[in-house]
Amino acid sequence: GKLPASANEFWRKQGKGEISTSSALQGYGAAYARAFNLSCGPSYREFQQCLKTNRFDHLNMQSWYPKCGRYYELEEACRQNLLMSIDVKCSSELSGAA
């Protein structure tokens, strides 16, 4: 989906270093962690469990992807959808921060 202009402006400014790190962290800190754990936590835990059970080095994607890649892809898709949803729902707050 397409982000509202205010969200796009926030991320453009953040990417250029015009938004302070503390503002970005405040906006996406504990509240994001709670939302992530509720929405994407199961996929994240399945991926971590796959890595642990098979004793894969998480930095060696070539070794773990054939067996754990499904969980990784599900987590990443969830994470991307969550961020898009937050950006849309919080466009006025992002606009205020920009």
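Predicted model: local features only at pLDDT ≥ 70, side-chain atom pairs only at ≥ 80, totals over all residues.

Biologist: Why is α4 called roughly antiparallel to α5?

Modeller: The axes of α4, residues 41-53, and α5, residues 61-89, come within 8 Å and cross at roughly 165 degrees. Angles over 145 degrees count as roughly antiparallel, and therefore α4 is roughly antiparallel to α5. The crossing in which α4 passes α5 is left-handed.

Biologist: Which residues of α4 and α5 meet?

Modeller: From α4, Ser43, Tyr44, Glu46, Phe47, Cys50 and Leu51 meet Trp64, Lys67, Cys68, Tyr71, Tyr72, Leu74 and Glu75 of α5. By class, this contact of α4 with α5 holds nine nonpolar, one polar and three charged residues.

Biologist: What makes Cys50 and Cys68 a disulfide?

Modeller: Their sulfur atoms are 2.0 Å apart, and the rule asks for a pair of cysteine sulfur atoms within 2.5 Å, so Cys50 and Cys68 form a disulfide. Because Cys50 lies in helix α4 and Cys68 in helix α5, the pair ties together parts that are 18 residues apart in sequence.

Biologist: Why is the disulfide of Cys50 and Cys68 called left-handed?

Modeller: The torsion about its S-S bond is about -80 degrees, so the disulfide of Cys50 and Cys68 is left-handed.

Biologist: How many disulfides does the rule give?

Modeller: The count comes to two. Cys40 and Cys78 also form a disulfide, with their sulfur atoms 2.0 Å apart. Cys40 lies in the loop between α3 and α4, and Cys78 in helix α5, so this pair ties together parts that are 38 residues apart in sequence.

Definitions and conventions:
Residues numbered from 1 in each chain as written. Heavy atoms only, no water. Axes fitted to C-alpha atoms, helices over the stretch in contact; angles between N-to-C directions. Helix = DSSP H or I, 4+ residues; strand = E, 2+ residues; numbered from the N terminus. Parallel < 35°, antiparallel > 145°, perpendicular 65-115°, else oblique. Left-handed = near helix turned anticlockwise from the far one by under 90°. Contact = heavy atoms within 4.5 Å. Nonpolar A, V, L, I, M, F, W, Y, C, P; charged D, E, K, R; others polar.
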